[in-house]
Amino acid sequence: MTIQPGTAEDLGAIGLLYEELNARMAALQPDNFRPARQNDAWILSQLTEENSDFLTARTNEGTVIGFALVQFRDTPDVPSFIPRRYTYLMDLVVTESCRGQGAGKALLAEVERWARARGSEFIELGVLSENTAALRVYEGCGYTERRKVMGRSLN
């Protein structure tokens with residue numbers, strides 16, 4: 001397995017992985033998410049954006065089996081925030097048939113290298129509370145809870 005930046009040629013594979021990711025999110029939180037394919041134009045915009053990258057996990061044959069979408073950001077320019085530059089891990093997915101083989105951990109290691117190369121002070125991500133498998137991977141790689149997002153249905 002290798003990890004390398006995605007290209008426009010990976011659009012189809014990334015789209016299929018987003019279908020898997022969105023179906024999983026819909027299964028975990030059906031009140032908030034629905035199965036869908038990510039918009040191709042949006043994927044292309046992230047592939048070409050200067051401060052973002054799709055880091056792809058590939059088999060030795062070159063097949064894309066996972067990705068991490070990373071974005072280099074600044075904290076909001078408001079008085080209460082300490083100004084910092086950081087990396088936001090927007091999405092991470094490994095195709096179901098390849099899970100448990102180290103691709104997720106390899107992607108996270110590459111996210112850290114990517115972030116350090118840009119001068120990030122920390123990495124931040126969001127994960128659904130119900131996604132216990134992802135939580136185990138993140139926690140096993142040293143990620144800790146920093147805040148909670150809470151909600152209440154009005155229905």
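Buried here means under 20% relative accessible area and exposed means over 50%, with partly exposed in between (1.4 Å probe, protein chains only). The model you have open is predicted, so local features need pLDDT of at least 70 and side-chain atom pairs count only at pLDDT 80 or more, while totals for chains, interfaces and linings use all residues. Residues are numbered from 1 along each chain as its sequence is written, and side-chain values use heavy atoms, leaving out hydrogens and water.

**First stop: α2**

Select residues 40–48, helix α2, and colour Ile-43, Gln-46 and Leu-47, which are buried. (Helices are DSSP runs of H or I, at least four residues; strands are runs of E, at least two; both are numbered from the N terminus.) Look down the axis: these buried residues line one face, because they fall within an arc of 105°, taken from the directions from the helix axis to the C-beta atoms. On the face turned away sit the exposed Ala-41 and Thr-48.

Next, show what covers the buried residues: α1 (11–28), β2 (52–58) and β3 (64–74) are included. Then zoom in on Asn-39, the N-terminal cap of α2, where a side-chain oxygen lies 2.7 Å from the backbone nitrogen of Ala-41.

**Second stop: the cores**

A nonpolar core is a set of buried Ala, Val, Leu, Ile, Met, Phe, Trp, Tyr and Cys residues joined through side-chain atoms within 4.5 Å. The largest has 20 residues, and Leu-89, Leu-92, Leu-107, Val-111 and Tyr-138 have the most contacts inside it. Its largest share, six residues, comes from α3. Apart from this core lies another, of 15 residues, including Tyr-18, Met-25, Phe-67 and Leu-69.

Key: Contact = heavy atoms within 4.5 Å. Polar contact = N/O pair within 3.5 Å; in protein donor to acceptor, adjacent residues only side chain to side chain.
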